[in-house]
Amino acid sequence: MAKVCVTGAAGRAGRAVVAELIEHGHWVMATDLVTPAEDLGIPVLRADLTDYGQAVEALQGSDAVVHLANIPAPDLRTPAVTFTANITMNFNVFMAAAHLRLGRVVWASSETTLGLPFDVPPRYAPVDEEHYPVPTTTYALSKVASETIAGHISQWSGIPFVALRFSNILGPADYPEFASFWPDPELRKWNLWGYIDERDAAAACRLALDAPVEGSQSFIIAAADTVMTRPSAELMHEVFPGVPLTSEVSQTGTLLSIGRARQVLGFAPSHSWRDHVSQ
């Protein structure tokens with residue numbers, strides 16, 4: 001798809017997605033409510049996607065949208081503001097895409113829909129797409145509700161919708177901090193020690209634009225490994241005793257299953273913190 005609108009282009013994921021799409025020959029239309037802190041190399045349209053008219057104008061002329069604009073985590077705003085803003089932005093972008101007859105909607109859902117933080121242990125591990133819905137915050141609830149909305153608008157319009165349930169999006173500048181987690185596995189148990197490199201998150205968005213997807217589908221997007229140096233099975237046994245491992249996990253392999261994303265999207269994480277930090 002040649003013309004792709006990227007919403008939330010000023011954010012961490014947005015900047016990476018813009019660069020990834022341009023590198024792979026897409027013509028990118030960038031939009032955000034704020035001005036990027038760094039030059040993206042293309043103009044950025046300032047638009048408030050909580051206003052439906054602005055959402056339509058922002059997507060006008062594009063073939064597809066990668067929708068990343070949302071309040072990106074719990075506790076950044078009040079619970080009610082987080083839920084209301086996110087679900088309004090998502091509804092407006094989804095309906096604008098249907099109105100404009102775009103070819104595809106790729107959008108940022110979240111790993112939080114699966115039960116994070118795991119103060120209550122998961123039912124099993126590796127956690128996969130079927131460990132859903134378990135929202136524990138209004139942020140997670142905004143994503144669960146938006147996945148439901150996406151399913152219905154996809155059905156009405158015939159447009160494929162791809163929800164990417166991103167793990168914690170990080171990059172090389174963040175990786176030295178991982179050493180502080182190693183002595184105490186409780187510190188990062190909240191998402192089963194998961195993460196996703198910003199470059200792999202961007203690649204997942206690009207792949208989702210062309211993958212053979214029909215209807216509305218959701219995929220976990222995580223790194224192939226954890227943030228820890230200890231074996232994943234050992235961590236589960238110590239921190240979540242009694243939680244069954246339903247499949248074999250490699251030495252430090254992810255406990256957020258990316259098998260479905262590999263199979264359907266062709267997603268294969270190529271970046272790891274281990275390439276940047278000495279153990």
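Leaving aside its neighbours within four places in sequence, which residues is Val66 in contact with? In this predicted model, Val66 is in contact with Val4, Cys5, Val6, Thr7, Val17, Leu21, Val106, Cys205 and Leu209, once neighbours within four places in sequence are set aside.

**Nonpolar cores**

- The largest nonpolar core holds 63 residues, and those that touch the most other members are Val6, Val66, Leu164, Trp193, Ile221 and Leu265.
- Helix 5, which covers residues 198–210, gives the most to this core, with 6 residues.
- As general background, nonpolar side chains tend to be buried together in soluble globular proteins.

**Helix 5**

- The buried residues of helix 5 are Asp200, Ala201, Ala202, Ala203, Ala204, Cys205, Arg206, Ala208 and Leu209, and of these Cys205 and Leu209 are also in contact with Val66.
- At the start of helix 5, a side-chain oxygen of Asp197 reaches to within 2.8 Å of the backbone nitrogen of Arg199.

- Sorted by class, the lining of the largest pocket is made up of 22 nonpolar, 12 polar and 7 charged residues.
- The second largest pocket contains about 200 Å³ of space, and it is lined by 13 residues, of which Pro126, Ser247, Glu248, Thr254 and Ser257 are the closest to its centre.
- In the lining of the second largest pocket, 5 residues are nonpolar, 6 are polar and 2 are charged.

**Two serines in loops**

- Ser167 is found in the loop that runs between strand 6 (161–166) and strand 7 (169–170), and Ser167 counts as buried because its relative accessibility is 4%, which is under 20%.
- The side chain of Ser167 reaches the backbone nitrogen of Tyr195 at 3.2 Å.
- Not counting residues up to four places away in sequence, Ser167 touches Glu111, Asn191, Gly194, Tyr195, Ile196, Ile221, Ala222 and Leu256.

**Leu255, in the loop between helix 6 and helix 7**

- Leu255 also belongs to the loop between helix 6 and helix 7, and with 0% relative accessibility Leu255 counts as buried.
- Apart from residues up to four places away in sequence, Leu255 touches Ala125, Pro126, Val127, Leu192, Trp193, Ser232, Met236, Leu245 and Val249.
- Leu255 and Ala223 are 32 residues apart in sequence, and the distance between their C-alpha atoms is 9.7 Å.

**Backbone details**

- The peptide bond from Leu116 to Pro117 is cis, with omega near -10°, and Pro117 lies in the loop between strand 5 and helix 4.
- A cis peptide bond also joins Tyr132 and Pro133, where omega is about -5°, and Pro133 is likewise placed in the loop between strand 5 and helix 4.
- Asp75 is not a glycine, yet it has a positive phi of about 75°; Asp75 lies in the loop between strand 4 (64–67) and helix 3, and it counts as exposed because its relative accessibility of 74% is over 50%.
- Leu192, another residue other than glycine with a positive phi, has a value near 55°; Leu192 is placed in the loop between strand 7 and strand 8 (196–197), and with a relative accessible area of 1% Leu192 is buried.

Note on methods: Residues numbered from 1 in each chain as written. Predicted model: local features only at pLDDT ≥ 70, side-chain atom pairs only at ≥ 80, totals over all residues. Heavy atoms only, no water. Core = buried A, V, L, I, M, F, W, Y, C linked by side-chain atoms within 4.5 Å. Buried < 20%, exposed > 50% of the residue type's maximum accessible area, 1.4 Å probe, protein only. Helix = DSSP H or I, 4+ residues; strand = E, 2+ residues; numbered from the N terminus. Contact = heavy atoms within 4.5 Å. Nonpolar A, V, L, I, M, F, W, Y, C, P; charged D, E, K, R; others polar. 1 Å grid on protein atoms, 1.4 Å probe; cavity = no way out; pocket = protein on both sides within 12 Å on 5 of 7 lines; lining within 4 Å. Points joined across faces, edges and corners; volume = space filled by probe spheres on them. Polar contact = N/O pair within 3.5 Å; in protein donor to acceptor, adjacent residues only side chain to side chain.
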